[in-house]
Amino acid sequence: MSSQTSDRPPTLLPVPSPELAHLLRPLFSGVSPTGGVAIAVIRGNERTVVCRGYVDRSGARPVRADTRFALGSVTKTFTGLLLAEMVARGEVGYEDPIDRHLPAEVLPGYPQDRPITLLHLATHTSGLPRLPVGLLPSALPRWFTAPYATFSRPHLFRALPRTPVRGAPGAQVRYSSLGCGLLGLALESAAGVRYEELLASRICGPLGLIDTSCGPDREQAHGYRRGRRVPSFRLPALPGAAALSSTADDMLRYLQAHLAVDAVPIQDRNGTAAAALKAALREVRLPRVERRRSGARIAVTWNHRTEEEGELLFHTGTTGSLRVRGARAEASGGRDSGPASAVFAGYHPGAQVGLVAMASTLPGLRRRFNQTAFATLRRLAA
């Protein structure tokens with residue numbers, strides 16, 4: 001498949017071809033019959049959105065291309081793009097220490113001779129833990145409603161000075177939602193605008209993502225586990241980590257912007273915003289650090305792999321995927337609970353291929369929805 005971008009308008013196919021339907025079949029087969037799934041595919045000049053299932057258990061409203069799904073950690077790619085956009089404008093720098101943009105009294109403890117930088121936060125090399133200290137005790141009383149809703153910024157700022165940093169910043173990749181959430185707060189502070197408004201004005205608005213936002217005011221597809229509706233696991237104190245919801249239509253536009261940077265239409269009155277955003281779209285695909293054992297690389301929040309098919313960038317997200325063991329909460333991986341929903345977003349710049357897969361009510365991690373989506377992206381690229 002050619003890596004050149006066609007000047008022709010994209011063709012939106014309402015029904016997938018038999019060949020594409022065959023490639024997507026494993027994604028649909030991994031979803032519970034009571035769930036919903038929306039898949040968007042870009043292949044060269046073709047755009048296809050396929051939806052099945054229902055928004056909730058009533059079965060009255062089918063999933064559509066404009067049905068919103070919680071993106072979970074795929075939100076981090078938007079935060080990374082916002083960082084690159086602000087770097088392109090000269091408002092922040094990748095090597096800025098976080099104490100330049102966050103109050104000194106709320107910083108986690110770490111060796112001052114090698115401070116945590118904004119790029120460390122964006123590449124999971126800050127040494128910060130996955131989640132904030134003290135998050136679980138505040139969540140347990142509301143575990144079945146909105147467990148993280150009361151973990152406010154004052155709670156976060158009180159917890160940060162007690163937060164340990166493992167090793168020297170930049171030394172090792174350790175996935176941290178806390179780190180990417182702090183990146184969102186640092187960018188918010190640098191711009192003097194709240195994260196939600198900053199993202200809307202710099203990323204979502206210019207790219208025409210009309211149904212992508214942090215607000216819970218819009219109805220979205222819900223996940224269920226053992227007949228119970230899974231509560232919202234939004235963490236308002238750290239919106240840059242996992243706050244966004246979006247649709248298959250919007251995510252298709254989002255990936256198209258990454259695939260065809262020069263051709264993407266950007267709403268901009270004076271041209272300066274478009275230039276910064278296009279520069280950012282190129283920056284976020286560049287690998288920055290490498291995992292020691294696997295050799296996999298991290299770009300600006302995106303996972304970066306080189307496979308037989310070429311350069312692949314992707315990110316995954318799950319919502320409602322925590323379980324409790326005594327006084328601990330950890331990523332779901334056991335037989336007793338699985339994620340209520342899962343999202344995969346990935347693209348292959350050389351082949352001009354992109355895939356978004358969003359599903360609710362997954363029966364368990366044994367289905368490996370996100371792994372299946374990655375394998376599907378590779379097949380599409382091949």
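Predicted model: local features only at pLDDT ≥ 70, side-chain atom pairs only at ≥ 80, totals over all residues.
1. Which residues of H10 are buried? They are Ala-273, Ala-274, Ala-276, Leu-277, Ala-280 and Leu-281. Around the axis they cover an arc of only 165°, which puts them on the same side of H10. An α-helix has 3.6 residues a turn, so residues three or four places apart point the same way.

2. What covers that buried side? The cover of the buried H10 residues includes helix H2 (75-89), helix H7 (195-207) and helix H9 (248-259).

3. Now the overall picture. The protein has 382 residues, and 54% of them count as buried. It contains 11 helices and 15 strands. Take the contacts between residues at least 6 apart in sequence: 70% of these join residues at least 24 apart. The accessible surface is about 16600 Å², and carbon and sulfur atoms account for 50% of it.

4. How many salt bridges does a search of the whole structure find? The count is 12. One of them joins Arg-64 to Asp-66, with the closest N and O atoms 2.7 Å apart. Arg-64 is partly exposed, at a relative accessible area of 49%. Asp-66 is partly exposed too, at 34%.

5. Glu-188 and Arg-153 also meet through their side chains in a salt bridge, 2.5 Å from N to O. Glu-188 sits in helix H6 (residues 177-191) and Arg-153 in helix H5 (residues 153-159), so the pair ties together parts that are 35 residues apart in sequence. Arg-153 counts as buried at 17%. The cut-off for buried is under 20%.

6. A further salt bridge links the side chains of Glu-309 and Arg-378, at 2.9 Å from N to O. This pair connects distant parts of the chain, 69 residues apart. Glu-309 is in the loop between strand E10 (303-307) and strand E11 (310-319), while Arg-378 is in helix H11 (residues 369-381). Glu-309 is partly exposed, with a relative accessible area of 22%. Arg-378 is partly exposed at 23%.

7. Salt bridges also form a network. Its members are Glu-85, Arg-89, Glu-91 and Arg-202.

8. How many aromatic pairs does a search of the whole structure find? There are four. Trp-302 and Tyr-347 make an edge-to-face pair, 5.2 Å centre to centre, with 85° between the planes. Trp-302 is in the loop between strand E9 (297-298) and E10, and Tyr-347 is in strand E14 (residues 341-348), so the pair links parts of the chain 45 residues apart. Trp-302 counts as buried at 0% relative accessibility. Tyr-347 is buried, with a relative accessible area of 0%.

9. Why is the Phe-314 and Phe-344 pair called stacked? The ring centres are 6.1 Å apart and the planes lie at 15°, so the pair is stacked. Phe-314 lies in strand E11 and Phe-344 in strand E14, so parts 30 residues apart in sequence are tied together. Both Phe-314 and Phe-344 are buried. With Phe-374 they form one aromatic cluster.

Notes. Residues numbered from 1 in each chain as written. Heavy atoms only, no water. Buried < 20%, exposed > 50% of the residue type's maximum accessible area, 1.4 Å probe, protein only. Helix = DSSP H or I, 4+ residues; strand = E, 2+ residues; numbered from the N terminus. Arc of directions from axis to C-beta. Contact = heavy atoms within 4.5 Å. Areas by Shrake-Rupley, 256 points an atom, 1.4 Å probe, with all protein chains shown as cover. Salt bridge = Lys/Arg side-chain N within 4 Å of Asp/Glu carboxyl O. Phe/Tyr/Trp six-rings, centres within 6.5 Å; stacked < 30°, edge-to-face > 60°.
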